[in-house]
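Please keep the structure in view while reading.

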Amino acid sequence: MGMVTTARIINYDGCHMLLIPQEAISREMIKKQVNTVELRLCDGRECTADQRKKIHAIMGEISDWSGHDREDLRRYFTGNYCDENDIDYFSLSPRKPNLADMETATGFISYLINFCFIWNVPAQDTMLNRTEEVGKYLYMCLEHKKCAICNKEAEVHHVDAIGMGRDREAIVHIGMNAVALCRNHHTQAHKMGRCSFFEMYHIFGIKLDEYLCRILKLGRTAVYNELFERDKQFLQLDELDLREEE
């Protein structure tokens, strides 16, 4: 198999193309008397070096935590991600023809972050600096009760004020905006003010849905308990409006 490398296009006049290889190729050219090359044009959507760096960093942390070989983990997670999303197997090497595109790499990073949150994998840096999908990341932080800033154990910080004197257990939280913050960052958010705090860390509130309210045990507990689900199925109630009448 011949040498595979990448090159930067310096000039193209419609007929002749001037390239600068990113690696030394003189020895290979002389040794094999190369006079033709295979040209593959990148459309600009292939995964970036920064994305690959993030993926390798997370893989390294999972490897350190689990004791498994990094390459074995890469094959394992890549295979599972491709199967779950019904996509072709991809590579993270820019020298391979099946190099992941940016969209695939973005989703794969979120997939790995979710694994780390589920299993409490220790990381050297906050996942806020690794994610490429901030909205999905903030949702996962709420789902797994991880601080969106530092990834420590978190509590729910309501962006929409509940109001003085209102019982948090009696109101319906579905549709409210919230973010997961540890005690320190929760306090910081109150001291700085919501807008300044969100702008500083480039985050925003996520709308609470029924799933998040259930696992976070927010609002009317009767709405989310097993007896309610049993009764709902038995009575064949497709949807029950439990919002308070104004």
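## The nonpolar core

In this predicted model, the largest nonpolar core comprises 52 residues. Those with the most contacts inside this core are Phe 108, Leu 112, Tyr 137, Ile 203 and Leu 208. Two or more residues each come from helices H2 (49-66), H3 (70-85), H4 (102-119), H5 (134-144), H7 (194-201) and H8 (210-216), and from strand S4 (177-181). The most is given by H4, with eight residues.

In soluble globular proteins, nonpolar side chains tend to be buried together.

## Helices H4 and H5

The axes of H4 and H5 come within 10 Å and cross at roughly 15 degrees. Angles under 35 degrees count as roughly parallel, and H4 and H5 are therefore roughly parallel to each other. The crossing in which H4 passes H5 is right-handed.

On the H4 side, the contact is made by Ser 110, Ile 113, Asn 114, Phe 117 and Ile 118. H5 contributes Lys 136, Tyr 137, Met 140, Cys 141, Glu 143 and His 144. By class, the residues of this contact are six nonpolar, three polar and two charged.

## Helices H2 and H3

H2 and H3 pack with their axes 9 Å apart, at an angle of about 115 degrees. Angles of 65 to 115 degrees count as roughly perpendicular, and H2 and H3 are therefore roughly perpendicular to each other. H2 passes H3 in a crossing that is right-handed.

The residues of H2 in this contact are His 56, Met 59, Gly 60, Ile 62, Ser 63 and Ser 66, and those of H3 are Arg 70, Leu 73, Arg 74 and Phe 77. They divide into four nonpolar, four polar and two charged residues.

## Two residues with positive phi

Most residues other than glycine have a negative phi. Asn 120, which is not a glycine, has a positive phi near 55 degrees. Asn 120 lies in the loop between H4 and H5. Its relative accessibility is 49%, so Asn 120 counts as partly exposed.

His 202, also not a glycine, has a positive phi of about 60 degrees. His 202 is found in the loop between H7 and strand S5 (206-207). Exposed means over 50% relative accessible area; at 63% relative accessibility, His 202 therefore counts as exposed.

Terms used
Residues are numbered from 1 along each chain as its sequence is written. This is a predicted model: local features need pLDDT of at least 70, side-chain atom pairs count only at pLDDT 80 or more; totals for chains, interfaces and linings use all residues. Side-chain values use heavy atoms; hydrogens and water are left out. A nonpolar core is a set of buried Ala, Val, Leu, Ile, Met, Phe, Trp, Tyr and Cys residues joined through side-chain atoms within 4.5 Å. Buried means under 20% relative accessible area, exposed over 50%, partly exposed in between (1.4 Å probe, protein chains only). Helices (H or I, at least four residues) and strands (E, at least two) are DSSP runs, numbered from the N terminus. Axes are lines fitted to C-alpha atoms, for helices over the stretch in contact, and angles run from 0 to 180 degrees between N-to-C directions. Angles under 35 degrees count as roughly parallel, over 145 as roughly antiparallel, 65 to 115 as roughly perpendicular and the rest as oblique. A crossing is left-handed if the near helix is turned anticlockwise from the far one by less than a right angle, and right-handed if clockwise. Contact means heavy atoms within 4.5 Å. Ala, Val, Leu, Ile, Met, Phe, Trp, Tyr, Cys and Pro count as nonpolar, Asp, Glu, Lys and Arg as charged, and the others, Gly among them, as polar.
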